[in-house]
Amino acid sequence: MNRVLTYYLKPYYLRMMAGFVIKFAGTIMDLCLPWILAHMIDYVIPQNNKNMIFVWGGLMMVCAVLAWTGNVVANRMASKVARDTTEKVRHDLFSKVTYLSNQSTDAFTKPSLISRLTSDTYNLHQMLGRVQRLGVRAPILLIGGILITLTLDPVLTLILVSVLPFIVLIMTATSKKGIPMYASLQEALDQFVRLVREDIAGIRVIKALSKTDYEKERFGVINEEVVKIEKKAGMTMAIVNPAMNFFLNIGLVFVILAGAYRVNAGKCEVGKILAFMTYFTIILNAMMSISKMFVIISKAVASANRIVSVLDAEDERDSKLVLEEKDKAEDTMISFEHVSFSYNHVENNLTDINFSVKKGETLGIIGETGSGKSTVASLLLRFYDATEGNIFIGGKPIQSIPLGELRSSFGVVFQNDSLFEDSISENVRLGRALSEGDIKQAILYAQAKEFVEEENRGYYDKLNIKGANLSGGQKQRILIARALAAHPDILILDDSSSALDYRTDALLRKELKEHFKDTTTVIIAQRISSIMHADHILVLEDGAMIGYGTHEELLASCQVYQEIGRSQMGMDVSAS
């Protein structure tokens, strides 16, 4: 919260001060109205001087107009500060999320990051706006009301003030309990968002497997948990208003009794009692506003802490570059030297991986699910750093290459890649400085021209979210076109041909061989047919390197590779 108050609000301090001054002046005008009314009842009206009545009545009108104008102007200024500050926080938070290291993203989880960008920033916005509007007005009304009642009748004021310590004690105690509860509520909302996100994304699978009732039960459980925590937090914070009203009403009873006695004894005037009752209402409303602010602040503190934890998390841009060491052959594009890696830093996901690929060569990677194939791609893109060993790209240690420069040299199709709700052309371009010729050429090479041009789609045909209006094979070809469009130095195809038929897969390999001779290609595949023509093939099992060589060499020396060939009915093996 301190970071929000100091860093993000600092540019608006002057505007906030101006708003506070205007709000202060308007609130003082509000406080003057009951005092003027009491003066008129006790001193002006008994004189039967109509001119004086009009003068004091006009003064009340002026105070009322000034109070209304000041509050409106100050509220608008407060809303603008809250809006602009939240916009800046949301922008920085989104920017930070896009640059989070993969370890940090895994730790926070995607649903939690979505929740922090939405509900947490909303809570912060509500707090910033409410505190500026009521955070000035309510205390002034409270303190000012008490001070003015002291001038009217100190005895009655002391009776009323005697109950305030009890109210402050209750508000402090409930706030201490409320903040942790709202933090727990936001964590429960993270799980809620995760489940909803999964169900919406997989709605067709759920329907196809007739699992709608099952998912409704899962939703009901997490929904009930959110309601339970929210109810507990709400009930805790709900103690404030009834308790506050109870003590204030007790104080009011004693004030009325004492006031009646003092009027009867001639120690106090009727107008002052009337003004005192009005100020009591003002004080009551001020206390209610303060109690509401405590609830909002409790939520905002929990949300601000969650936001700041993301802003302070490990950032890819903070990764330090090492000194460049050009100790590899210039034509060596990729080199792994005794590379080991662990996601949890307990058990290795890759162990002692060694291979070298020259410029323009193709590396195929094959192995069972979970063997570490995609992890190799993640290390190449430096989504993670190797736990042990060294990785070289173009003869340079991977840590010596700035991330932007490193990743711009890659073209990648991930195993579970995304298409966006935009045109086919923009899905291929993806915001890069590519010409229309580059896009059309890439679509041609990726074997996507046929369905783009001949199925009445066109390059500017808009796709649904995640390309829902395309078949699996069509999606993969658009994704491959995206990877090829910028003519990358290194092309990574992570199981990107699984939905392609054998003919299209073969044509794609032919295009890569003819038009991307200087591009080093890494093909991660389940089918031997997709990698059998590669210059090198890496066979992985449980993160270990159990085979490396050409297709023919592995058929002769690697039992696992032989078993994969046989499991595919010898079809791909015979083609060699």
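Colleague: By class, what residues does the lining of the largest cavity have?

Modeller: This is a predicted model, in which local features need pLDDT of at least 70 and side-chain atom pairs count only at pLDDT 80 or more, while totals for chains, interfaces and linings use all residues. Numbering starts from 1 along each chain as its sequence is written, and side-chain values use heavy atoms, with hydrogens and water left out. If Ala, Val, Leu, Ile, Met, Phe, Trp, Tyr, Cys and Pro count as nonpolar, Asp, Glu, Lys and Arg as charged, and the others, Gly among them, as polar, then the lining of the largest cavity has four nonpolar, three polar and two charged residues.

Colleague: How many cavities of 30 Å³ or more does the search find, and what volume has the largest?

Modeller: A cavity is a set of points on a 1 Å grid where a 1.4 Å probe fits but cannot get out, and its volume is the space filled by probe spheres set on the points, joined across faces, edges and corners. On that basis, the search of the whole structure gives three cavities of 30 Å³ or more, and the volume of the largest is about 70 Å³.

Colleague: Which helix gives the most to the lining of the largest cavity?

Modeller: Taking lining residues as those with an atom within 4 Å of a point, the largest cavity is lined by L493, S496, S497, D505, L508, R509, L512, I523 and S530. Helices are DSSP runs of H or I with at least four residues, and strands are runs of E with at least two. Four residues of that lining come from residues 502–515, and the element that gives the most is therefore helix α18.

Colleague: Which element gives the most to the lining of the second largest cavity?

Modeller: The second largest cavity holds about 50 Å³ of space, and R15, M16, G19, F20, K23, A74, M77, A78 and Q132 line it. By class, these residues divide into five nonpolar, two polar and two charged. Although α2 (13–44) and α3 (50–99) each supply at least two residues, the element that gives the most, with five residues, is α2.

Colleague: Is V205 buried or exposed?

Modeller: V205 belongs to helix α8, which covers residues 203–208, and its C-alpha lies 54 Å in space from that of N245, at 40 residues apart in sequence. Buried means under 20% relative accessible area, exposed over 50%, and partly exposed in between, with a 1.4 Å probe and protein chains only. Because its relative accessible area is 51%, V205 is exposed.

Colleague: And S371, buried or exposed?

Modeller: S371 sits in the loop between β3 (362–367) and α12 (373–380). With contact meaning heavy atoms within 4.5 Å, and leaving aside neighbours within four places in sequence, S371 is in contact with N349, L350, L540, E541, D542 and G543. Because its relative accessibility is 0%, S371 counts as buried.

Colleague: Which residue in the turn between β9 and β10 has a positive phi?

Modeller: Two strands pair if DSSP finds at least two bridges between them, and strands β9 (residues 536–541) and β10 (residues 544–549) pair in the antiparallel sense over five bridges. Within that pairing, L538 has Y548 in β10 as its bridge partner. The two strands form a hairpin with two residues between them, and the positive phi, about 55 degrees, belongs to D542.

Definitions and conventions: 1 Å grid on protein atoms, 1.4 Å probe; cavity = no way out; pocket = protein on both sides within 12 Å on 5 of 7 lines; lining within 4 Å.
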